[in-house]
Amino acid sequence: MWWKNRKYKECQEIMDSGADFLHLDVMDGHFVPNLTFGHPVVKCLRTKIPDAMFEAHMMVSHPEKWVQPMADAGVNRYTFHLEATNDIEALVRKIQEAGMKVGIGIKPNTPVDDVIQYVDLCDLVLIMTVEPGFGGQKFMQNMMPKIKFLRSQFPNVDIEVDGGVSHINIGCCAQAGANVIVAGTAVTGAKNKPEAIKGLRDEWNKAI
């Protein structure tokens with residue numbers, strides 16, 4: 001219980017500091033080597049933070065198994081990895097039928113061409129700028145061409161960037177065409193979280 005209370009306090013502090021939504025990293029120890037939490041913790045967070053938008057970033061094998069539990073836990077957007085399932089269209093339908101928005105993520109080594117045929121099916125495409133599984137990695141600026149290409153082909157889709165984003169590089173994400181930013185360590189590791197979020201927004205606004 002203490003762990004759930006600590007997670008709630010961390011998430012509430014981030015929202016109180018000015019975040020637009022909560023990006024919840026769910027890892028199973030299989031798709032990525034790290035292990036975090038599952039739907040029971042998300043459900044607990046939802047009871048305590050009823051109004052926040054929750055995105056579950058499912059870094060898991062067999063993401064279809066967790067669609068309904070995450071929907072029942074109160075997740076708004078279910079973002080799975082293209083590399084984790086063999087039937088993208090069936091999984092998208094299952095997520096939509098559960099009442100959630102759909103995000104599809106790709107790892108750095110996955111060609112952007114692999115996701116093109118599914119963009120019209122989803123609400124958001126996630127471009128990883130680190131290898132998924134651990135925080136604190138160095139931002140991969142060589143992922144920006146993927147974002148530029150997606151934006152040129154799909155002007156209305158949400159494009160999210162996750163991994164190593166900071167006030168130093170958020171501008172290049174904006175210029176490439178991303179419009180949803182996940183800032184992990186840059187916010188959670190900051191002594192002054194409101195100031196960190198404001199600084200990120202300021203750099204974003206300078207770039208667009």
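Analyst: Leaving aside neighbours within four places in sequence, N169 is in contact (heavy atoms within 4.5 Å) with F139 and G164. The model is predicted: local features need pLDDT of at least 70, side-chain atom pairs count only at pLDDT 80 or more, and totals for chains, interfaces and linings use all residues. Residues are numbered from 1 along each chain as its sequence is written, and side-chain values use heavy atoms, with hydrogens and water left out.

N169 sits in the loop between β6 (158-162) and α7 (170-176); helices (H or I, at least four residues) and strands (E, at least two) are DSSP runs, numbered from the N terminus. N169 counts as buried because its relative accessibility is 10%, where buried means under 20% relative accessible area with a 1.4 Å probe, protein chains only. A polar atom of the N169 side chain lies 3.1 Å from the backbone oxygen of G164.

Helix α9 (residues 193-207) has 15 residues, which at 1.5 Å a residue should span 21 Å, and its end C-alpha atoms are 21 Å apart, in agreement; the expected span is 1.5 Å times one less than the number of residues. K193, A196, I197, L200, W204 and A207 are buried in α9. They cover an arc of only 95° around the axis, so they lie on the same side of α9; the arc is that of the directions from the helix axis to the C-beta atoms.

Elsewhere, R46 lies over the face of F54, at 3.8 Å from the ring centre, and K107 over the face of F31, at 4.4 Å. A charge sits over a ring if NZ of Lys or CZ of Arg is within 6 Å of the ring centre and within 35 degrees of the ring normal.

Notes
Buried means under 20% relative accessible area, exposed over 50%, partly exposed in between (1.4 Å probe, protein chains only). A polar contact is a pair of N or O atoms within 3.5 Å; within protein, one must be able to donate a hydrogen and the other to accept it, and residues adjacent in sequence count only if both atoms are side-chain atoms.
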